[in-house]
Each structure stands twice: as structure tokens, then as C-alpha cells.
Amino acid sequence: MTSVFCDRKAIAVFVLPALILFLVVGFLPIAQSAYFSLLEWDGIGTAKFVGLSNYVDVFITDFFGIKFDHSIVNSVVLAILCVFLQLPAALALALVLASGIKGERAYRTIFFIPVVISSASIGVMFLKIYNPDFGVLNELLESAGLGVWKNDWFANERTALMSALLPVVWQYIGYHMLLMYAAIKGIPGELFEAATMDGASPIRTAFSITLPLIRPILRVCVTFAVIGSLKFFDLLFVMTGGSPSPATDVPSTLMYNTIFTRRLYGHGSTMAVFLVAECMVFYLVLQRTLKTREERGEERR
Amino acid sequence: MNRTKRFGLIACAVAVTFAAGAYAGGQGESKASGQKAKITLWSQFADPKSMDSGAIAFFKALENTRTRFPDVEIEHVGTGGEAYKQKIPVAGAANELPDMFFWWGGGTAEPFIKGNRVLALNDLASDGTLKRLVPGTTDNFVFGDKLYGLPIYISTAQLYVNKELFLNAGLKVPATWDELTTAIVALKAKGIIPIALGAKDRWPAMFWNAILDIRMGGVSAMNAALKKTGPFNTPEFVAAAKKFDELIKLGAFGDNYMGTSYDDSVNLFLTGKAAMIYMGAWVNGQIEADNSPVKGKVVPINVPAVPGGKGSSNDWHGGCGETFFMNANLKNKEQVWPVYKYFVETMAKEAFLAGSGSSAWLSESSDVAKMNILALQIGLLSAKATGFSYWWDQILTGNDTESMFGSLMQFIAGKSSPEQYAQELQTKISDRK
Amino acid sequence: MSVLKDRTGQYRYVAAVLQFLLAAFAAVQMFPLVWLVLSSFKNNLEITGANVIGFPRQWRWDNYRYVLDATRLGSNLLNSLLYSIATVVLSGILASMVSYAVTRMKWKGSGFVLALFMTGLMIPVHATLLPVFIMMKEARLLNTPLALVIPYTVNALPSTIFIMAGFFASLPREMEESGVIDGCNIYAVFWHIILPLLKPAIVTTAVFTFLGAWNELMFANTLVNKENLMTVTVAINSLRGIHFTEYGAIFAGLALATFPPVLVYALFSDQVQKSMIAGAIKG
């Protein structure tokens, strides 16, 4: 029987097409970026080989005042917010929806809507909410008598980061919810019936049965949330209008600005290489710490 | 439907897509058969119905050019907004630029010049074209001693004043700097934002910095600093930064200028919440639009001369910075040249009629009866211009522009002093040749 | 399979509170769509400040007329649909094969290959624009649908594989093993047993891949330069000017462009539910 699962020709058929496509179109560009990071290049004319000096400038000297290191901190804050706010919210929703509550289908569609609407609209919408002169938030505060709390949310350094990150956290709740929902639906119904017959409360069922069984997908969600946060681009780019500002910059928007506006391909590629390396580190750490019992068992064997 | 059938159907759909793709690709690759010569043209004007005067001028010129040259097929692809600035450099890097494309002069064109992607026009333009241009309008398109693009229209920035709000506050339209500051204080007391400023988008703040620098240091010092033949940390420029700081502290721009975007600032002006705005002539259309609450209530003026400044109020912030470049690899440039020339001149004329700015081409006077009144008034004002200095973020390279913006935003947020700010510009821009 | 059985009064009370909270959250989630549709009927002054939330003073159907005139929205929608569906199908096929081989088949390089694909999760796509452009140019694929479908597929592979591998981890092996005992070769096992079980993952990833391809702007903007091949995101973005933007028309375009994805999602999330019940029964 095992020979069926070791059929080498089949393995090649299953793996090679995707692998080749990925290596050429996905991996090669990153290798090229790594090469670009050693150059001083404006993207069009001739390039000059400068070795590792771009790395020194991006992380230590920062002659142009790009403040890449600060943006890394911002992205880590986003990752923390996502793991501790976004994912629990998504999980709660998924559990409730998958339990056969009234209106499950409708809610399932509605909760996913922010993910479907392009970041362009959501970004513009939040800018209108945060607008200091006629934004919804300030007007609400004013009419609730809390006018003294009115603020220039985006421009004020103390509130800028949180104001920028909250929409990001909110936008993808539906995404993780769908993943978890699909996973919960994959648990055979008999397990739930047995639990309720034994008198387990819904909360107990959730903790003892559902959560352990969907652990692999939870791991996927955490990985996506963390790596996605480190690399995040879309919504923040729309909300800042592409204008860098240390309070709200994240590595991807800075990289975009460095490559396409400053036309410093060398510096930008350095940032790209860093992002890949950073995500890899986080990925490996997450894989290590979130192993399922089964996988740990397999390793011991 | 069982699974195999459904899969088969999907597979067919995919195959059809690929086939269609290959076919369409094939069409794209082969040259159009027939006698028509083809010119590919890219621009940032994607919306033929746009009310933007530049767009109106462009599409009119395109139509006229197509009529004038029936043997030439002009294939135009328009890409709107910031996306255009991403598309052209990528195409430039891979040497996939079209025959003609819209772009800006100054530092933003440098990568294309250095990379030999665009055609020098000296030989072609020696047929008398240069004599038909207003003097000084090609400055931003000359590198070394080679001309790379023909100018279209002369843009200017001016101070738009809402006469009605001023009248209601008992103020007269300011002619001197002191009258301006008096007005600012009075308007602020009435709860009106004196000057709308969209600092969130950075360049509106740059506009103020630029005009103050021009007022304090004069146009030639400004141009020298921008072209790196002169310093940025002169006493005049430091004084200008101080003046900017004074205005901010006076409350001239309201409390929320840092969080106000460019669109927001125009809106504040159009809805009468702000009494003035210092902006380019492209807003003429919006101000005089039928649904504009301030239609007929606005007058454009020069920013007054600043006491102690070397520049006069006839030094203008503006100039010619937009052009179309021709691809350096053009095989049939002699055939494309007449089309190119005609197109640019027509667009200049149409831009003037649409109220976008004066044409850079000398021409007979045109029918001004239907023109935007603001454009006419600005034309009269700028006829006395003693010099021009163009927008910083076009003359400087992309990298220098970003460095400038970084320092500028820190400065107007109050994080650096005028001296520090001027020194940062010197270090990051002037000292890096 | 209802956990919240209506047995005691306590459960009924909890159910009511839950319904209230769900409805409140649903209102929050619906807000952007409602705002988008309302804004698509306003004029520029209202959108940029005069009347940001709230009903339009006048219902400007003109905005819709504008966007349909100014762009070839019908053809753009079709193009977006074609590219997105092609990406979904291609990436779905490739990813399910790879994730199966990597998690269920035994061979030495499986861990390495999985890790290789996972590096794809870490790639910041914007840095790859220029290299991919040059690649497509050399392959003479610029200005063809493949110029977009291939990069989109490659972008979708890592996350799709990752999700499917996650689903595989929860899948019991008995089914495959019984299939082999019955005499199936590996292809038959994959086709008849694995794929149906994988359906919820396939459907879920199909939704994500579709959305990723549909909403993508940067590559669609640069790699395709023919008007008849343009996607809907590029078309709507083209309504932005540098100094003047017709926001009303843009929102009208966005409203029109949002309906296909919402529809796709509504249909497919139903599939998730149905396929799960079917899969469980078969087991």
C-alpha cells in the first residue's frame, strides 16, 4: 500500500508543473530583487554595483530620512493587533455561525462584505470618517457632547497609528471567519451530537472539541494574520494617499514609495529582501510553536 | 451535473480563454496591415468626459490631429491618476515605451534622458518650430544643450480670494502683505478658515513654501537652488521659512491643515468655509462650475510682496512642466514629427481656451468671449510676469522630492526650526549633485 | 447539527442576545457597501465634504451614465471575470495536486518543496513588478490575458497550498487507505476520494483567489496596455485625474464592480455548507 503513496512518477506529475511555474515567475523575481539590492539604480538607466551599502543606509545611516526601521515597528504592532483582536473576533463569529443559528446564510454573506469591497472604497470611506473638519467621527463626538475629544485623527501623531490600523484589523475579520467556519463545518456532526448528549454546554464543546479539531486551520489563520500584517499594503496605501509619514508608514508602503517615487531601486530591493527574510523568520517561529499534537507525535516516532 | 462533466466544462472554458488570449496577443503583435502609419500614444488622460481642463484640451487636440492627418492611426491608451506614474517608468525600464507619451520635464524626466529612452528634438525642431514658442518655455525640457520636448501650456499658481466673505468681514481684497495678515486675523475671529491648505497631500504645503521662497529670494535664486547651482540654506530662504511659520502660528491655515487633503481643501474653499486658497489654475473650472457655491464670487490675485523680500509680486510660481516625449527608438521620426508638432500646439491652444493656462506657443488672439473669467484675469496678471519658477516636485528628481517632503512635513508640524529645515534641504538636496 | 438547542429558557435568552449582537455587527459590516452605494449617487461636493454620510440630496443617476460612457465597463467586467476565473481554475488544480503530494505522499523532498512554496507567502509583490514585466516581455506575452493570469496564479499558489495543506492535516487517512485497498492507483484516489473531501477548501480558496485577482490593480495596470483587455479595476481607476477626480462616477463604477464578487461569494459560501454535509455523509 505504501508503494502507492511513493509512486515517484505520480509525485512528479503532481508537483512539477506548479513548482516550475512558481520558481520561474515567483521565485526568480525575488532572486533578481536580491541582486538589485546590491545596486544603485534608478530603474531605467545604467546601474552601479555598490555591494551592501544599501543595507547599511536603510538600517543604519538613513541618509534620506526614510525611517524604515520605524515602519517595521508599526507593522509588528499591526500583527499584534490582528492576532489578539481580529482573530478572536473571527473565531467567535465562526463558532456562532457554524452552530446552526438562525440567519446563518445571510450573516455569513454580510460579514464577508468588507473583504469583497476593494480597499479603494474602504480607504476613502475611512478617510471621510476620520476627516477633522467634517468627518463622521468628529461630528458624532460633537453631537454626543464629547466635542472636547475631537481630534485630527490621522495627523495627530498619538492617534495616527491606531486610527490607521483599526480599519485594517476590521477589514479582514470576515476572511479569517470564513476559513474557520469552513473548518468547523468539516467536523463530523456525530461528535457534536455525542457532546450535547453528554450534557456539554456550547462553550465547553467549543473548547474541548471544536478548537482542537480545527487547530491546523487556526495555525493557518495566525500565520496569515502575522505575515499579512508584516507585508500589509493595500488599505494603508489608500488612506495615506501614498504620502509617507513616519507615524503610519509600514514597510510595504515605504518600499513602494522608495522604488516607484524615489526611484531608488537598490534601497527598495533591500527592503524587499528584508521583508522576505523577516516573514521567513516569523513563519518558522510560528510553525515551531504551533505544532499540533499529531505532528509532534510523528516527529517523536 | 456530475463532477467529471463539470470539470470538463471548466477545463474547456480555461482552454478557450487561453486560445482567445493567444489570438488577441497575436493581433497585438502584428503590425496593422494597410497603408496607415501607426503612432502609439500614452497619456494620463483616460476619461474623455472629464471636466479637467487639461483632459478637455487633450481630447480636443487628439480629435483635431486625427482629422488633420487622416493617413495616420493614433492609438491612444489613457491611464488615470498616480497609476500612470508607475506604468511609464516600468515600460521605460524594459524599453517598451510607446511612440509618444505624456510626461513631465525637470528632474522627473532625468531617468529617461540618462537612459536614452527619449528622442532629442534639436534637429527636428530647427525647422522654425522654436521661433513659434514663447521665450523661456522650454527651460524644463532642455538637458545639457538638447531639447527633448515641446511645451504645451504655462501653468501658474495664484491666490484665489472669496470677495463675498471678505466683504462680509469688512475687508478689502489684500494688495499688500500687511493687508493680508490683517485679513487673516479678522477672518479667523469670525470663525472662517483664512486660507485652505491641504497639507495631508504634502504638495499644497510645498506650494506655500515655494511662493514664500520666491518672494524672499527672487526667482533666479529659487531656480538656482532647484537646479543645484545655488544653495538652499540662504538667509532669504530661512526668512521665508520663518514667514511660513508665522502664518501657521497666526492660524492662517486653520487648526486641521495637517489632516486636510487637497480635495478637502478645495471643498472648503468651494463651500465658503475658507476664504482663500493658493492653488494652480486647474481649479478655475471647479470654481466657475454651475453648481459651485462660489461661482462669480472669486477673484485671483498675486501673492503680495513680502516686506524685506528680494522678490516682487510679479515673480511667478509656475511655468511649463508638462510635455510629450518621443521614443528614442522611433524609426520614422520624420513622419511622426509633423503630427507631434501639430498635436502639441493644438493642445496648447485648446488648453488656453479651456482655461488651463496660457499657451506656450505664440498665436493670434483667440475668441475669449466664452473663456473662463478667472483664466482671463490670471492671463492679464501673468502678462506682467518678470520670471517663473516651476513646481519643486517636478524640477527635483523623485528622490530629492521625497527628501524635501519629509523635511517639509516635519517643519510645518513644528518639529524643526526654520534654520534646521533649510539646512536639511541643503544637506539632502543641494549637497548631493 | 445545532448546538444551541432550544431546551431551556437559559439557552433561549442567550440565543436572543446573540441574535442582537450578530445583527449589530452585521450592520457595521454592511455599512461600507451602503455608504458606497449612497455615495455613488452624490456629486463631488457632497462626497468630499458637504454631505458625507446621509442620503444624497439628489439621486444622480448621471454618475452611472458617466462611468458607462467614459469606460467600456461591460467589456472590462468581462475581462476581469475571465482572468479571475482562469486564475481560480488554474491555481486550484495546481495547488490541490501539490498540497496532496506534499502532505499525503511519502517522498524525501516533500518538506523542502512545501517550504519553497511557503516563501511565496513572504514575497512583497510590488518588488516583483519590474522583473515580471521584463519576463513577460521576453516571453512575448505582454498585452495578452496570460500576462495577468500567470502572475495571478503564481501569487495565489502559496496561500492556496497552505490552506489546503491545513485542511489535509485534519482529514483522516482511512478513506484513502480503503481506496487503495480497493485497488485504486494514486490518480484514482486523488480524483474520486480526495477532491470531494477537499471541496470546502477548494471552494474557500476559490473565493480568496477570485477576490485577489479581481481587485488587483498594479499588475493589471502595467502588463496590459490594450483597451479591449483592460480589467474593471484599471478602468475605474482611470477616472482619477491628477488634480480633479470625479468621485461620484468612481463610486458608481465601484458599486457596479462590487456585485460580481459579492455574487460569487454568496454562491460559493453556500457550496461550502452543502459540500460539507455531503462529505460527512459519505464518510
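The model is predicted, so local features need pLDDT of at least 70 and side-chain atom pairs count only at pLDDT 80 or more, while totals for chains, interfaces and linings use all residues. Residues are numbered from 1 along each chain as its sequence is written, chains are lettered from A in the order in which they are written, and side-chain values use heavy atoms, without hydrogens and water.

First, chain C and chain A. The contact (heavy atoms within 4.5 Å) takes 92 residues from chain C and 97 residues from chain A. The buried area, meaning accessible area (1.4 Å probe) lost on putting two parts together, summed over both, is about 9,000 Å², and carbon and sulfur atoms give 79% of that. Between the two chains there are 0 salt bridges, counted as a side-chain nitrogen of Lys or Arg within 4 Å of a carboxyl oxygen of Asp or Glu.

Now the aromatic rings. Rings of Phe, Tyr and Trp (its six-membered ring) pair if their centres lie within 6.5 Å; planes under 30 degrees apart are stacked, over 60 edge-to-face, the rest tilted. Over all chains there are 72 aromatic pairs. One of them, B:F232 with B:W392, is edge-to-face, at 5.7 Å centre to centre and 75° between the planes. Both B:F232 and B:W392 are buried (under 20% relative accessible area; exposed is over 50%, partly exposed in between, 1.4 Å probe, protein chains only).

In chain C, C:W61 and C:Y64 form a tilted pair, 6.1 Å centre to centre with 45° between the planes. C:W61 counts as exposed at 54% relative accessibility, whereas C:Y64 counts as buried at 14%.
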